[in-house]
Amino acid sequence: MTVPAREVPAQNRLRGLTRRELTQSDPMLDWWHPVGYASDLATTPRQTVLLGRALVLWRDENGTARCLRDLCVHRGTALSLGEVQNGQITCPYHGWRFTGDGRCTSIPQLPADRPIPAGAAVPAFRCEERYGLIWVCLGEPRADIPDFPEWDDSGFRHAACPPYTWRTNAARMVENFTDFGHLGWLHDGLLGMRSDLVVPEHTVQRTGHELRYNLTMNVPSAGGVNDLQDAAGTMTNTYVLSLPHAIHLRSHYPDTGHSRVLFFAAQPVDEQTSIGYCYQSRDFDLEGDDQVYISFQETLAEQDRVVVESQRPEQLPMDIADELHLKFDRVAVEYRKALADHSPAARESQHRGWIS
Ligand code: FES
Ligand SMILES: [Fe+2]
């Protein structure tokens, strides 16, 4: 009789990664990734998972965000189960203590006159706080954290949407944002209309790790989040997609001269799980209720989630011939090409042809 394999909870699998698996090369290691809102991080340790690696985050005595591998060098215990004292994290198992840069400062079982072995250290990672988000880079950053120029502009009001977790690859999540064809169909009455589905002409410019593109479209007032004078009107969208997983979208309303901004960045938890962080910002309705904008974004995200989680394969196919791309899918095609150019393995398998 065969006994079916028991499903191992994801977190246990992650904690059980070998040293080699934890250090193996992955081109995604060399980018900044968001790992949570800054307002959710305190001196209490918090575990997060990035690119399959369990990490522990906390704030030290100066309020600076710190990030270590969530795996004690002694016996592989999750440090996130421990506590923070004087800015340092203490392992819950035997009480070894580590600084924010991974140095061990105390091994209670050693006599006081014995030095702490040099190998008693935990890998520490670059950790920055920007735009109310905590960002981590596990390798050498290829580029800075993506731009969000309105963040420090006092003329804008920012509404942070609750993080949303999808069972999909982060690139699939981002590509959904680049997809103009679905706006009026899936989001009929919110981001477009089924009566007006032809995607306007647009071009995509690629500069280094960024894709830039613009599109003017007719949109409904959508419950008041669009600053239009009538029930429908024109909106000019300016996009900057920063590799690998961030989008800045500024929507300008020529009728009123106002703008609404969406800043989105995804955390690649593992190859099939992602967390999206999103700001809805505006330079109008400054005394208004943020929840209107948050609810709008949540409605859209939920419509998208169902569709995106159904997409197969889970990984974005880097071979362009694997799916049928039409001319209005050009941003998605350029996104895949740009991702492939930053991933040697994907570049080798990429096919350049697509249907216009
Ligand atoms: S397992 Fe962390 S101190 Fe022993
Ligand atoms: Fe969508």
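**Ground rules.** Residues are numbered from 1 along each chain as its sequence is written, and chains are lettered from A and ligands numbered from 1 in the order in which they are written. In this predicted model, local features need pLDDT of at least 70 and side-chain atom pairs count only at pLDDT 80 or more, while totals for chains, interfaces and linings use all residues.

Entry 1: I took helices (H or I, at least four residues) and strands (E, at least two) as DSSP runs, numbered from the N terminus. Strands pair if DSSP finds at least two bridges between them. I looked up strand 3 (residues 53-59) and found it antiparallel to strand 4, with five bridges. Arg59 sits opposite Ala65 in strand 4. The two strands make a hairpin with five residues between them. In the turn, Gly63 has a positive phi of about 85 degrees. I then checked cover, calling a residue buried if 20 or more other C-beta atoms lie within 10 Å of its own, exposed if 12 or fewer, and partly exposed in between, with C-beta atoms placed from the backbone. Four of the five residues of strand 4 (residues 65-69) are buried.

Entry 2: I traced three strands in the order 1-10-9, with antiparallel pairing. Strand 1 (33-37) and strand 9 (126-130) are at the edges with a single partner strand each, so one side of each has no neighbour in the sheet. Strand 9 and strand 10 (residues 133-137) are joined by five bridges. Glu128 is opposite Trp135 in strand 10.

**Entry 3: helix 5.** Helix 5 (residues 290-310) has 21 residues.

**Entry 4: His258.** I placed His258 in strand 16 (residues 258-270). His258 counts as partly exposed because it has 17 C-beta neighbours inside 10 Å. Not counting residues up to four places away in sequence, His258 touches Asp227, Tyr253, Asp283 and Phe284 (contact means C-beta atoms, placed from the backbone, within 7 Å). The C-alpha atoms of His258 and Asp283 are separated by 6.2 Å, and the two residues are 25 residues apart along the chain.

Technical notes. The expected span of a helix is 1.5 Å times one less than its number of residues. Two residues are in contact if their C-beta atoms, placed from the backbone, lie within 7 Å.
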